[in-house]
Amino acid sequence: MLTAQEAHALMPNATELMSDDPEMDCALYELDYVLWLDHTVNCLRSGDWEGIDRLNLIEELEALGRSERRAVASLLKQILIHLLLYQYWVTEQEQTRKHWAAELVNFRDQLQRYVASQTLKNYAQSELTVVYKVARLFVERKTGLDGLPLVCPYSLEQVLDEEFYGEDL
């Protein structure tokens, strides 16, 4: 992390922006995001609650939560797409089945890291139906397949199960 002297060397006006004035903290946020992060972390570590740019910190924390949820939904969609391909695209199975299985391992590994958080696991469960509809539409357009299940045939447990490939349905 930068000290005030280092910040001043890189940006001569930066130390003037690091103050107890919330408007100045907002200016630092807009001017040099990384310096703002360093300053905010320093304030938190030292207990300098007055030096924290609360508005931008709240915005960043909210954005972080949205980002985590988007990652969960994206990985969930990829898993559902590959389960559908693996299970239903029979004409391509001989050539690509191993690839789809490998992709499932990769996407599941990533998703497992997120759903270690019960909140994100609950989010995955709540989004399963909506995300499945998008995955089904994608597979239909990609493959020309008709007759894929309209309702998600997989439980979240199956989606996360590294041994499940939809063959038992």
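Student: Among contacts in the chain between residues at least 6 apart in sequence, what percentage join residues at least 24 apart?
Tutor: That's 62%. Contact here means heavy atoms within 4.5 Å. Before we go on, this is a predicted model, where local features need pLDDT of at least 70, side-chain atom pairs count only at pLDDT 80 or more, and totals for chains, interfaces and linings use all residues. Residues are numbered from 1 along each chain as its sequence is written, and side-chain values use heavy atoms, with hydrogens and water left out.

Student: Okay, how many helices and strands does the chain have?
Tutor: Eight helices and zero strands. Those are DSSP runs numbered from the N terminus, with helices being H or I of at least four residues and strands being E of at least two.

Student: And how much of the chain is buried?
Tutor: Of its 169 residues, 37% count as buried. Buried means under 20% relative accessible area, exposed means over 50%, and partly exposed is in between, using a 1.4 Å probe and protein chains only.

Student: Which residues have the most contacts inside the largest nonpolar core?
Tutor: Leu76, Leu80, Leu111, Tyr154 and Val159, in a core of 34 residues. A nonpolar core is a set of buried Ala, Val, Leu, Ile, Met, Phe, Trp, Tyr and Cys residues joined through side-chain atoms within 4.5 Å.

Student: Which helices supply this core?
Tutor: α5, α6, α7 and α8 (156-160) each supply at least two residues. α5 gives the most, with 11 residues.

Student: What does Leu111 touch?
Tutor: Not counting residues up to four places away in sequence, Leu111 touches Val72, Leu75, Leu76, Ile79 and Leu160. There's also a second, separate core of seven residues, and Tyr29, Leu35, Cys43 and Leu57 are among them.

Student: Let's switch to packing. At what angle do α5 and α6 cross?
Tutor: Roughly 155°, with the axes of α5 and α6 (residues 93-114) coming within 9 Å. Axes are lines fitted to C-alpha atoms, for helices over the stretch in contact, and angles run from 0 to 180 degrees between N-to-C directions. That makes α5 roughly antiparallel to α6. Angles under 35 degrees count as roughly parallel, over 145 as roughly antiparallel, 65 to 115 as roughly perpendicular and the rest as oblique.

Student: Is the crossing of α5 and α6 left-handed or right-handed?
Tutor: Left-handed. That label applies if the near helix is turned anticlockwise from the far one by less than a right angle, while clockwise makes a crossing right-handed.

Student: So how do α5 and α7 cross?
Tutor: Their axes come within 7 Å and cross at roughly 45°, so α5 is oblique to α7. α5 passes α7 in a right-handed crossing. By class, this contact of α5 with α7 has 17 nonpolar, two polar and five charged residues. Ala, Val, Leu, Ile, Met, Phe, Trp, Tyr, Cys and Pro count as nonpolar, Asp, Glu, Lys and Arg as charged, and the others, Gly among them, as polar.

Student: What about α4 and α5, at what angle do they cross?
Tutor: The axes of α4 (residues 33-46) and α5 (residues 54-88) cross at roughly 100° and come within 12 Å, so the two helices are roughly perpendicular to each other. Tyr33, Trp36 and Thr40 in α4 meet Asn56, Leu57 and Glu60 in α5.

Student: Now some single residues. Is Arg136 buried or exposed?
Tutor: Buried, with a relative accessible area of 14%. Arg136 sits in α7 (residues 118-143). Setting aside residues up to four places away in sequence, Arg136 touches Leu84, Leu148, Pro149 and Leu150.

Student: And where is Glu68 found?
Tutor: In α5, where Glu68 is partly exposed, with a relative accessible area of 29%. Leaving aside its neighbours within four places in sequence, Glu68 is in contact with Tyr114 and Leu120. Glu68 and Tyr114 are 46 residues apart in sequence and 7.7 Å apart in space, C-alpha to C-alpha.

Student: Last one: where does Gly144 lie?
Tutor: In the loop between α7 and α8. Gly144 is exposed, with a relative accessible area of 52%.
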